Amino acid sequence: MAPRFRRPAPASLYGAGVSTFGTPSGPGDPDALFGLEEIRPGPPVPRPPGPSFRTSAEARRMLEVREIHAEPAAAASPRGREILARFPDAEVIPVGSHWRIPGLHGNPGNAGNWVRTKKTVLVLGERKSLTVRPNGRSADWIAPGAANGCAMACAYCYVPRRKGYANPVTVFTNIEQIIGRLGRHVAASGPKREPNQCDPRAWVYDIGENGDCSVDALISENTADLVHAFTRWPTAKASFATKFVNPDLLLLDPRGRTRVRFSVMPPEDARLLDIRTSPVEDRIAAAGDFVEAGYEVHFNFSPVVIRPGWEEAWSGLLRRMDDVLPRTVKEQAAAEVIMLTHNRELHEVNLAWHPRAEAALWRPEIQQPKRSENGSWNVRYATGVKAGAVEAVRRLVERHTPWLPIRYAF
Ligand code: SF4
């Protein structure tokens, strides 16, 4: 049996629920590099007292952490101690590396426990690589994520591809280093001189490439710290896609420097494929509140799944958006369109826990192999099929939601 940790004492410097951002300026402070003292908004306001969504029954249905696999340094860090204090009943198991956890990763037997593992297991680690990668689609840059893995279980999700068979959330506790790296990158990039489809004025950083920041915010202040950090960088903007409505994010005061991309698809597809997510109707209904709270709100039409009747289903979704979204959302929204890609290993995993979804996702008769950026082989819709579908989505958007520019489609 794996040894158990003695829980470190709760963090005294940072009370639970209080952001670590807003530490004093000094050498290495990204703002000192950028000379932004005059717009410094000061430390973020701690969460108002009283119950937050995070402690609600709905949040507990998403995450009921019973087991925390933790690198010792991560557990001992201020962020790590906050998280351990938040889940006092969880068993804490020390691990050498958040990437190699015997019995969790690479264990085919775990595929049958796919959803239970996501709900009950958490990993704490320290992020070693702080690389900022160029992107050019969803964002100009991919930020080093403050977490990876996800408590939701979309059947098409590419995030588990690297871990295999189990993909619970890993939280990176060295958030100051991640934000420091981003601050230096923003400073070095300077102002954006040419508008592009990512944004006309700001450099856009995707802060949630390998997970969902709204769910991460149920676990720690990492998402809050990133949202606050971007309020200090007027040439940059954070961006993340989400399928979960977390009302706690409405309290963060993002000052227009964070773009939330609500991912939507026809509700009948979502009921089959978007497992454990907020209903599509709730994501659409939340858009107005997020704009009012100071976020920019875009939409991800992602993934578009080709099936009999898919165009009618998307027409219905777009008409619904046109009917219910307020003017404040329509005036600033844009969309990206991403056709489904899939992967043989994920196909095998899915067959073990959700074979019905695979009937919609795995369609060899209209799919072809595709070499991904990291060199692995995926499948995507065959070239002609895909081009026709992208054009069909463009036409549907023009007809039903003409106020919605498509930033890109592929
Ligand atoms: S919400 Fe995003 S990261 Fe989470 S399972 Fe779904 S696609 Fe993956």
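This note goes through the predicted model point by point.

1. **Ground rules.** Residue numbers start from 1 along each chain as its sequence is written. The model is predicted, so local features need pLDDT of at least 70 and side-chain atom pairs count only at pLDDT 80 or more, while totals for chains, interfaces and linings use all residues.

2. **The whole chain.** The protein chain has 15 helices and 18 strands. Both are DSSP runs numbered from the N terminus: helices are H or I with at least four residues, strands are E with at least two. Of the 410 residues, 45% are buried. A buried residue has 20 or more other C-beta atoms within 10 Å of its own; an exposed one has 12 or fewer; partly exposed lies in between, with C-beta atoms placed from the backbone. Take contacts between residues at least 6 apart in sequence: 77% of them join residues at least 24 apart. Contact means that the two C-beta atoms, placed from the backbone, lie within 7 Å.

3. **Around the ligand.** The residues here are Cys150, Met152, Ala153, Cys154, Cys157, Val159, Gly211, Asp212, Lys243 and Thr277. Each has its C-beta atom, placed from the backbone, within 6 Å of the ligand. This shell divides into six nonpolar, two polar and two charged residues. Ala, Val, Leu, Ile, Met, Phe, Trp, Tyr, Cys and Pro count as nonpolar; Asp, Glu, Lys and Arg count as charged; the others, Gly among them, count as polar.

4. **Helices α6 and α8.** Helix α6 covers residues 175-189 and helix α8 covers residues 222-230. They pack at an angle of about 25°, with their axes 11 Å apart. Axes are lines fitted to C-alpha atoms, for helices over the stretch in contact, and angles run from 0 to 180 degrees between N-to-C directions. The two helices are therefore roughly parallel; that label is for angles under 35 degrees, with over 145 roughly antiparallel, 65 to 115 roughly perpendicular and the rest oblique. On the α6 side, the contact is made by Ile175, Ile179, Leu182 and Gly183. On the α8 side, it is made by Asn222, Asp225, Leu226 and Ala229. These contact residues divide into five nonpolar, two polar and one charged. As background, an α-helix has 3.6 residues a turn, so residues three or four places apart point the same way.

5. **How covered is α8?** Nine of the nine residues of α8 are buried. Among them are Thr223, Val227, His228 and Phe230. The cover includes α6, as well as β6 (147-148), β8 (169-172), α7 (213-216), β10 and β11.

6. Most residues other than glycine have a negative phi, and most peptide bonds are trans. Arg255 is not a glycine, yet its phi is positive, at about 55°. Arg255 sits in the loop between β10 (236-242) and β11 (258-264). Arg276 also has a positive phi, near 75°. Its loop runs between β12 (274-275) and α10 (280-292). Arg276 is partly exposed because it has 17 C-beta neighbours inside 10 Å. A cis peptide bond joins Ser302 and Pro303, with omega about -15°. Pro303 lies in strand β13 (residues 296-304).

7. **Ala382.** Where is Ala382 found? It is in the loop between β17 (377-381) and α15 (383-400). Ala382 counts as partly exposed because it has 15 C-beta neighbours inside 10 Å. Leaving aside neighbours within four places in sequence, Ala382 is in contact with Ile366, Gln367 and Gln368.
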